[in-house]
Amino acid sequence: MFSHQQTEHLKTRLQKDRLLLDAIKANLPELERLLVDGIYRFYHHSFKVYQLQDCTSRAVEIFKSIGQATGSVLCVWFEQIVAAGTAVTWNPDHNKDWLLHTRPIVEAFLHAKYFLEMMIKYGQGMDATPAMLPTGWAAILELYNQR
């Protein structure tokens, strides 16, 4: 049995989770527009891989906006990955050490893309916050420090 305090904590947590889900649902059209795939640019050795930084930055802005609904900030690790992968300016010399300069861009993009995919999936497919957490929804809650 749960104590009264534990029950109230659980209710508060579930309400916050519901607010997060509602904010995700309200932003679904924008989240869906950001879902792009540009990884081939990395393998094609194209300077256009640097454009992934814009996609990543736009996704992060929406994520932060969604977090405002619950007063949540993004996970520090996610923020560090994004910072390392969105502050790279293309230079022709980067071609000599392509992986060193472009992998942080791709890493940040893939993390943002993962959360976009999960938010779209659960924003479209969930009508209520579940008691038993699907892995992707649990990851979203971790992104917003709600677990």
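Predicted model: local features only at pLDDT ≥ 70, side-chain atom pairs only at ≥ 80, totals over all residues.

Colleague: What is the handedness of the crossing in which H4 passes H6?

Modeller: The axes of H4 and H6 cross at roughly 45 degrees and come within 9 Å. That angle makes H4 oblique to H6. The crossing of H4 past H6 is left-handed.

Colleague: By class, how many nonpolar residues does the contact of H4 with H6 have?

Modeller: From H4, the residues in contact are Leu52, Gln53, Cys55, Thr56, Ala59, Phe63 and Ile66. On the H6 side they meet Ile105, Val106, Ala108, Phe109, Ala112, Phe115, Leu116 and Met119. Sorted by class, this contact has no charged residues, two polar ones and 13 nonpolar.

Colleague: Is Gln53 buried or exposed?

Modeller: Gln53 is found in helix H4. Leaving aside residues up to four places away in sequence, Gln53 touches Gly85, Thr86, Ala87, Val88 and Ile105. The cut-off for burial is a relative accessible area under 20%. Gln53 has 7%, so Gln53 is buried.

Colleague: Are H5 and H6 roughly parallel, roughly perpendicular or oblique to each other?

Modeller: Helix H5 covers residues 76-85 and helix H6 residues 98-125, and their axes are 7 Å apart. They pack at an angle of about 135 degrees. Roughly antiparallel would need over 145 degrees, and roughly perpendicular runs from 65 to 115. H5 and H6 are therefore oblique.

Colleague: Which class does the one charged residue in the contact of H5 with H6 sit beside, and how many are nonpolar?

Modeller: H5 brings Phe78, Ile81, Val82, Ala84 and Gly85 to this contact. In H6 they meet Pro104, Ile105, Glu107, Ala108, His111, Ala112 and Phe115. Besides the one charged residue, the contact of H5 with H6 has two polar residues, and the nonpolar ones number nine.

Colleague: Within what arc do the buried residues of H5 fall, seen down its axis?

Modeller: Phe78, Val82 and Gly85 are the buried residues of H5. An α-helix has 3.6 residues a turn, so residues three or four places apart point the same way. The buried residues of H5 line one face of the helix, because they fall within an arc of 70 degrees.

Colleague: Which helices do those buried residues of H5 pack against?

Modeller: Val76 and Trp77, on the other side of H5, are exposed. The buried residues of H5 pack against H4, H6 and helix H7 (135-143).

Notes. Residues numbered from 1 in each chain as written. Heavy atoms only, no water. Axes fitted to C-alpha atoms, helices over the stretch in contact; angles between N-to-C directions. Helix = DSSP H or I, 4+ residues; strand = E, 2+ residues; numbered from the N terminus. Parallel < 35°, antiparallel > 145°, perpendicular 65-115°, else oblique. Contact = heavy atoms within 4.5 Å. Nonpolar A, V, L, I, M, F, W, Y, C, P; charged D, E, K, R; others polar. Buried < 20%, exposed > 50% of the residue type's maximum accessible area, 1.4 Å probe, protein only. Arc of directions from axis to C-beta. Left-handed = near helix turned anticlockwise from the far one by under 90°.
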